Amino acid sequence: MYTFDYQRPATLADAVKLHGASDEASFLAGGQTLIPTLKQRLRHASVVIDLGAIADLKGISVSGNTVTVGATTCHADVAASADIKRAIPALAALASGIGDPQVRNCGTIGGSIANNDPAADYPAAVVGLGATVHTSKRTITADDFFTGMFETALEPGELVTKVSFPVPRRAAYMKFPNPASRYAIVGVMVADTSMGIRVAVTGAGPCVFRIPGMEQALTKSFVPSAIKGIAVPPGDLNGDIHATPEYRAHLIGVMAERAVAMIG
Amino acid sequence: MVKIVLKVNGAERTAEVEPRTLLVEVLREKLGLTGTHVGCDTSQCGACTVHLDGRSIKACTFLAVQADGRNVTTIEGVAKPDGTLHPMQAAFREHHGLQCGFCTPGMVMSALAMVERHKGKPLDETTIRHELEGNLCRCTGYHGIVKAIAAGAAAMTGGG
């Protein structure tokens, strides 16, 4: 790692101020991506601003039809939350499948979506469930938040504070994990929400995306066979040593059908 | 340099560290606790697993400064002070849960965390294998480890 300064502010205002005072500041949430990239010198930070002491950023609350997860809430806490298991079981299940137990004890929802790794699980939940991302400056709808590979609508120094999920009527997430890293080779969230049926795919493309064709077909008939044959062109999908674009295109259909079948 | 205070295996320890110093480096190089191993150093293998405030983490992917003021338990804090093995450690020996032993400290720390997390619920083979996703072993093929954790968990909860 290159050297850096370390700050551990107690308030959101101080964290944002510290970031503004430095050219190359990095926010540190769970560190499960930031620390490995710093170790590999893929990234340099003049100052690392640890968000771990800001109490307001952490925690889970359910009120009415909304589940709100604070930005520095770790995956293990989302997975184990009785409130989330009751309100949005698919969200708890998704969190329980991220990485491994040690990673889930550190990694956070805010860190995951701000990083926007193309193979991360949370973007599928945020887009699939039609969540709203709250930041230190504004609120951003899920459809506007993820803009490209490792890119989001966040401006420099803008910090995710919480994510609010409207409770869907029903939802399921199915993923085909890389057997070593547990990252999604393809992950599909299917949700029946007050905004309509939503199908969000992670792992397959440069960034999470929806499949309007499947959403329309499922609106007419919510059965797995309704989306059989609705293909995503492999041209825009990722290819690597683990899976070709064609294989990922195939897996999207399989995972989407399984998610619909799971919902029943 | 930054001065940090950690409670390690129940005792207060202080260390002077750089902000970029990893928790595992402090444990091994400053505090002499070399039972916590560095295997892959890329957050995959789990040989560096320790407990931070009772939860398992990978100490190669955690800054020492983040742990300032918190409780850390390492493999050295598991057996009794007189050397009597913890029931989980004894189960690893009894059930051939190790060959070369390099991954063992991390395996034991993960095993203890999973028993804690599943308190009161049965720890069956499927659950144990799922919970071991963050720990790699290149010798045993895992079978002995899974048996050891099941037996250790039973011994800890008085069922075995």
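**Close-up 1. A:Arg138 and A:Glu155 pair up in a salt bridge, 4.0 Å from N to O.** A salt bridge here is a Lys or Arg side-chain nitrogen within 4 Å of an Asp or Glu carboxyl oxygen. A:Arg138 sits in the loop between β6 (132–135) and β7 (139–141), and A:Glu155 in the loop between β9 (151–152) and β10 (160–166), so the pair links parts 17 residues apart in sequence. Helices (DSSP H or I, at least four residues) and strands (E, at least two) are numbered from the N terminus. This is a predicted model, with local features needing pLDDT of at least 70 and side-chain atom pairs 80 or more, while totals for chains, interfaces and linings use all residues. Residues count from 1 along each chain as written, chains are lettered from A in the order written, and side-chain values use heavy atoms, without hydrogens or water.

**Close-up 2. A:Lys228 meets A:Glu257 in a salt bridge, 3.1 Å from N to O.** A:Lys228 lies in the loop between α10 (212–220) and α11 (245–263), A:Glu257 in helix α11, so this pair ties together parts 29 residues apart in sequence. A:Lys228 is exposed, at 56% relative accessible area (buried is under 20%, exposed over 50%, partly exposed in between; 1.4 Å probe, protein chains only).

**Close-up 3. A:Lys39 and B:Asp41 form a salt bridge, 2.7 Å from N to O.** The pair crosses between chains, from helix α2 of chain A to the loop between α1 (23–30) and β3 (49–52) of chain B. A:Lys39 is buried at 19%, whereas B:Asp41 is partly exposed at 35%.

**Close-up 4. A:Asp77 and B:Arg55 make a salt bridge, with their closest N and O atoms 2.3 Å apart.** Four salt bridges turn up across the interface of chain A and chain B.
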